[in-house]
Structures are given as C-alpha cells and as structure tokens.
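Visitor: I am new to this structure and would ask for a close look at a single part, the place where the two chains meet. Please take me through that part in one connected account.

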Amino acid sequence: MAEVVFFLAALGALAGAVGTVTLRNPFYSVLALVAHLLSLALLFLLLRAEFVAAAQVVVYAGAVMVLYMFVVAYVGGTDIQVGPVNSRVTTAGAILFGLVLFVELTIAILGTGLKALGTEGVGIGADGVARAGDAGFGTPEQIGELLLTKFLLPFEIASFLLLIAAVGAVTLARRRGGLGDPSGTTITPLDLVRPRSTGTMAEGVGGRRRITTQEQERDGVEAGVIDSGLNEASEEQ
Amino acid sequence: MAIEWYLVVSALVFSIGAGGVMTRRNPLVILLCLELMLNSANLALIAFSRMYGNADGQIFAIVVMVVAACEVTIGLGVIVAMYRRRLPIDVDELRELQG
C-alpha cells in the first residue's frame, strides 16, 4: 500500500514539476507548482514527517503560492484568461478540493500526532535512540521541543530574517512622496547632500519629471523639469 | 520503501527545476523553478532524517521553507517594482539592476 501511494505521489510531483517548467502561461505554472507541493506533502507524510507536511500545505501551498498568484495576476506575462468564470464544473471542483484538503488535514491532526502526546509510548528521541517517554518521530511535540531547546538560535534568526524580508518588501513596493511633513521644518541627513525633490528611482533610470506645485511651495524650487541627464548621453549616440 | 527512491525523485525534481531556471525568460517562472529546487532539497532532507531517525533534518527543512518564503517576498517585490517602472518583464532584456 505504501508503495502505491509513493508512486502516485512521485508521479504527481514529477508531473507538477514538468508542468511548471513547460507551460507557457505563468498562471498555469503556478497551479502546476501547487499540485507539485501537495504531492510533496504526501511524500513527507510517507516519511513520517507529519508536521512538516502540514506546514508545507498550509504555509507553502497556502500562503506563498497565493502571493505568487496575486503577483502573476498583477504582472502577468502572456495572456492570463483561464477559462469561463462561473462554470459549474469549476465550482464543483473547488468544493471537492476543499473537502479533500479537509480530510487530509484531519488525518494529519488526528493521526499519530495526538497518539504520542501524553503517553509513555516508545518514541525516537532527538539523538536517534528509541526510549520510552519521548515524543514520536516527526510529531509537532518533538519539532517544538527541538526548536525551543537545541535549535533555539536558528529559530530566532529565522524570525529575524522574516522581519527583514517584510521590511524589504514594503521598501520595494512603496511610492515616493507619501505623507510629508506639513510644516517642512524637519531636516533629514540626506537633505544636506542633495535637494529634497531629487533622488527618486524614476530619475535614476533616466526619466524626467515635472516639478509639482507642492514641491515649488514647500522647497522653493522653481517650476521646471528635473532631468537625470542620461537622455542627452543616449541622444549623442 | 527504500530511501533511494525518494532521493531519485529529489534529484529528478532538482534537475527539472535547474533546467527551468536556465530556459525560461519570465522572471516569475524562474522564481517558480527555484522553488522546485528548494522543495527537492527539502525532500532529500526529510528522507535522510527518516533514515537516521534524527529529527534535525525536519527542523532544517522548516528553516529552508522560511528562507524560501523570505526570498520569494523580496523577489516578487523586485518584479512588481520593475512592472511599475514600465520595464519589460524579461530577463534577457534586463541585465543590470540599476536605479
């Protein structure tokens, strides 16, 4: 039985991988990768890693792929028209998929995970030696115990890394010229080096932009156009 | 199920992902193929963790998932910023990270 499930999951993983690489539409590639991640979660379950399998489904296929889906819908690439929007087949398929996901999560929760909690059964400890009273292999209890005792420093560094990534994403996606200081009296160190209206990314890539009236009033800059100077260099060639 | 089967699947998925990274031009799909490679490494880690009965491999796999999520966040932020600047979403056109 385990061999049958292994071959099904391995085929699903390979088909999802091939689909991710070969499909032309990036939307379909994301869907193929979701199928690949779910097959991989099944392989993790076969390897007695039930917490990692649940984390894979919830975090990877659930959150990261949804993020990808949003960005693919925004940015695109080739045409992203998937099919008829309110088809009954897709609705029925979505409900069936939700039921299957619920059954899988229930099995993961009510499986060997709960059996090992609070019993004195034999488990495989953190050093590989089986002894009574340890948490079962791959259960959330053992993962939690390891994360908080032996791997505390990597755990804290990983949370710090998540904070850095979140701040970086906000910095990359923000717009320049947001909420300014209404009185205009605060001075940042960058103001000593360059004028307040310059230094945008658009100027850096060679764009030119008109000075807004807000900047004329606030900074006293004359009306005109800010140019990065790269356009003259390209016109010379 | 012998452990070699899982390692073979991991190696296959890794090479498919590597081929995809080198072949595709859309940076979104390149990031997806990168995810394939990370997942194959996760599978190998979990397989070895099961072989030795040591749960350290599973902790490693969880940390790899965290790092992959962070990298996806920043990569997608860069792609969205590129799109906002009206630059072509094509890695053959964009060879320099400037501005």
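Guide: Axes here are lines fitted to C-alpha atoms, for helices over the stretch in contact, and angles run from 0 to 180 degrees between N-to-C directions. Helices (H or I, at least four residues) and strands (E, at least two) are DSSP runs, numbered from the N terminus. The model is predicted: local features need pLDDT of at least 70, side-chain atom pairs count only at pLDDT 80 or more, and totals for chains, interfaces and linings use all residues. Residues are numbered from 1 along each chain as its sequence is written, chains are lettered from A and ligands numbered from 1 in the order in which they are written, and side-chain values use heavy atoms, with hydrogens and water left out.

Within chain B, the axes of α2(B) and α3(B) come within 9 Å and cross at roughly 175 degrees. These two helices, α2(B) and α3(B), are therefore roughly antiparallel to each other (angles under 35 degrees count as roughly parallel, over 145 as roughly antiparallel, 65 to 115 as roughly perpendicular and the rest as oblique). Their contact (heavy atoms within 4.5 Å) has 16 nonpolar, five polar and two charged residues. In this classing, Ala, Val, Leu, Ile, Met, Phe, Trp, Tyr, Cys and Pro count as nonpolar, Asp, Glu, Lys and Arg as charged, and the others, Gly among them, as polar.

Turning to the meeting of the chains, 55 residues from chain B and 65 residues from chain A take part in the contact. About 5,400 Å² is buried between chain B and chain A, 77% of it on carbon and sulfur atoms; buried area is the accessible area (1.4 Å probe) that two parts lose on being put together, summed over both.

One salt bridge is found across this interface (a side-chain nitrogen of Lys or Arg within 4 Å of a carboxyl oxygen of Asp or Glu). The partners are D56(B) and K150(A), whose closest N and O atoms are 2.7 Å apart. On the side of chain B that touches chain A, the elements giving two or more residues are α1 (3-23), α2 (27-52) and α3 (56-84) of chain B. Of these, α3(B) gives the most, with 22 residues. That side of chain B divides into 37 nonpolar, twelve polar and six charged residues.

Helix α2(B) also packs against two helices of chain A. With α2 (residues 26-46) of chain A, the angle is about 5 degrees and the axes lie 11 Å apart, which means that α2(A) is roughly parallel to α2(B). Among the residues in this contact are L33(A), L37(A) and L40(A) of α2(A), and L32(B), L36(B) and L43(B) of α2(B). By class, twelve are nonpolar, four polar and one charged.

With α3 (residues 50-75) of chain A, the angle is about 175 degrees and the axes are 12 Å apart, so α3(A) is roughly antiparallel to α2(B). Here residues including Y60(A), M65(A) and Y68(A) in α3(A) meet residues including L28(B), L31(B) and L38(B) in α2(B).
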